[in-house]
Amino acid sequence: MKLNDALSGLLILIVGSVIAVHARTFPSMGQTVGPSLFPTIIGGGLMVCGAALAVSWLRRRGAPWVEVDDWVRRPRMVMNFALVFVDLVFYALAVGRLGFFITAVVFLSVLMIAFGVSRARVLPVAMAVTLVMHYAFYSLLRVPLPWGVLEAVAW
Amino acid sequence: MVEHIALAFGKVFDPLVLGVVLASAFFGLFVGSIPGLSATMATALLVPVTFFLPPIPAVACMVTATAMAIFAGDVPGALLRMPGTPASAAYCHDAYAMTQRGQAETVLGAGLVYSVLGGLFGTIVLVTAAPWLADAALRFSSFEYFWLVMLGLTSAVFVSPGHPIRGLVSLMLGLLIATVGFENPSAYPRFTFGSVELMSGLQLIPVMIGMFAVSEVTRYAVSADTPLDVPKQDIGGIFKGQGRLLRTYPWPALRGSVVGTLIGALPGAGADIAAWISYAISKRFSKTPEKFGTGHIEGVIESGAANNAALAGAWIPALVFGIPGDSITAIVIGVLYLKGMNPGPAIFLENPENIYAVFIVFFLANLLMVPLGWLLIKLAKNVLRVPRGVLMPIILLFCVVGAFAINNSVFDIGVMLAFGVLAYFMEANDFPIAPTILGMVLGGMLEQHFVTSMIKAGGHVTAFFDRPIAAGLGLATIAIWLTSLALAMRQRRAVSR
């Protein structure tokens, strides 16, 4: 998704002003330079940049307000986009309970299927990768990857 | 000094370090040769691994992987006309045209030979310049450091290609991220919104992984994946004829190495910009500029040397001042702090053997590139055939394990996700990512040195120009701003006419 310069400039201007206004509420703490100075400068800088972008749009109008990428019109791509995030959230929520092995195999399989890897390959590849990752992180690097429901077979 | 060097050799020639170097070499070659996976991404993905390694192997792993990745980027550039990393983009057109004329061996061999030579040249400059600069830097006060950081941030915005305003927005965003939390001179919690996790600020690792890796997987997920059209012919002896090339083009090779090292050392500009600038210089001074772009080896030699030289050059300001020379060293600096090897001139006095060990690893990595690079070229057909539908889920799993493993906090996964989405939309709207990372790494330092200087000066801004070196750096910074403004004005006038 591509916003035109007027819209993105406006957005940056708004973000900048919110930051600058919020930064003014920081206490001065009786110092030469208080905690509010830097965020205020950053907010102000963003406002100036936002305004400059919006002005540059005034000079050459004509670009559509929002250019939507082609993939947005293709349901499979939209699903892939969403799936990347759903899969990450799934990992975060499930890894403690199900353990690394099951979570990682599901995590990999779902994405590989979505990315069009042939079905027969998905499970063996997912399992092999999970084993290698587990060996590298758990055994070599000593990262405490959770075992979850497989606690009984932990090594 | 001799005993420190001996100690350093002992540290490097240790089974763990050598094993890590070899493993990260393969990792770097692989990531670099897959189009869409960059050297910066390789570094970001390695951060969680380095987290669990002792300091020397941790640094060795990043040095080796990036050197290999920058070379490996040449391989798909020559075979598929798709640069493996942005640093190979400048001359990929020429390289591919040569492959089509049946000169794949020559151009791939040249890519390897001049990557090694450029890398070794950059390393020699790093080894000689860094201790000398560190000696001078010992006398630097907060005023000099403030201006150095300003100069770094300024060149990150104005040296990189693209619209400076967009670069500036990206930089501001990075500085803003750096203000989150209470780790500031006043220890006042800023932008924490009552969240305990945000009190200590946004962690570098999940942000990096999100911006450099998750965004890339997302981009792949929504792209129509077409299998790469890997050429079928076998690749023969790549070293044949390289001696003749070196005798024909000694100056471009040397000039590329020098320019690459200098641009790498310039804070904020890295291997990709070095390659573009070197390619342009090569064309400008060539006896046959008309051949550039049609499959001419000269530009490949010069900018192929430049991008690997830039890699080592970028470590000069990173080690001496803690100011990253490019986005790779921005990540490296984060790792150095995590490992207690805080960059700065003192590192050359306190732990010289650690620094010497880093230098030795640089030499080792560049020399190791000869056999491993040859192997990659031989196996390129098979490497490029690895389906990306399998690869991308694995990278995402690597990201999530990396972000999660360090603090075991779901919050970090959220941060990674949020910054992945942010980076995806930034790139879709032509906002560069590198200035954000630089701003994030340098924001705290900038504020710290500014506040210290202001307190020392009793609030008088003129004090920032009292010391000669500070004044020089300050004037240089201001000059870059003014020149860029003037150039922008002139361009605008030219457009409206």
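Two residues are in contact if their C-beta atoms, placed from the backbone, lie within 7 Å. The model is predicted: local features need pLDDT of at least 70, side-chain atom pairs count only at pLDDT 80 or more, and totals for chains, interfaces and linings use all residues. Residues are numbered from 1 along each chain as its sequence is written, while chains are lettered from A and ligands numbered from 1 in the order in which they are written.

**View 1. The side of chain B that touches chain A.** Chain B puts 41 residues into the contact, and chain A puts in 46. Helices α9 (164-179), α11 (204-221), α20 (388-407), α21 (410-428) and α22 (434-456) of chain B each supply at least two residues of this side. Helices here are DSSP runs of H or I, at least four residues long, numbered from the N terminus. The most comes from α20(B), with ten residues. By class, this side of chain B has 31 nonpolar, seven polar and three charged residues. Ala, Val, Leu, Ile, Met, Phe, Trp, Tyr, Cys and Pro count as nonpolar; Asp, Glu, Lys and Arg count as charged; the others, Gly among them, are polar.

**View 2. Helix α14 of chain B against helix α15 of chain B.** Residues 271-285 form α14(B), and residues 297-313 form α15(B). Their axes lie 8 Å apart, at an angle of about 150 degrees. That makes the pair roughly antiparallel (angle over 145 degrees). Axes are lines fitted to C-alpha atoms, for helices over the stretch in contact; angles run from 0 to 180 degrees between N-to-C directions. The crossing of α14(B) and α15(B) is right-handed, meaning that the near helix is turned clockwise from the far one by less than a right angle. On α14(B), the contact residues include B:A271, B:A274 and B:Y279. Among their partners on α15(B) are B:E298, B:G299 and B:A306. The contact of α14(B) with α15(B) counts seven nonpolar, five polar and three charged residues.

**View 3. Helix α4 of chain B against α15(B).** Helix α4(B) spans residues 55-72. Its axis comes within 9 Å of that of α15(B), and the two cross at roughly 165 degrees. The helices α4(B) and α15(B) are therefore roughly antiparallel. Their crossing is right-handed. B:T66, B:A67, B:I70 and B:F71 of α4(B) meet B:N307, B:N308 and B:L311 of α15(B). Four of the residues in the contact of α4(B) with α15(B) are nonpolar, three are polar and none is charged.

Notes: Parallel < 35°, antiparallel > 145°, perpendicular 65-115°, else oblique.
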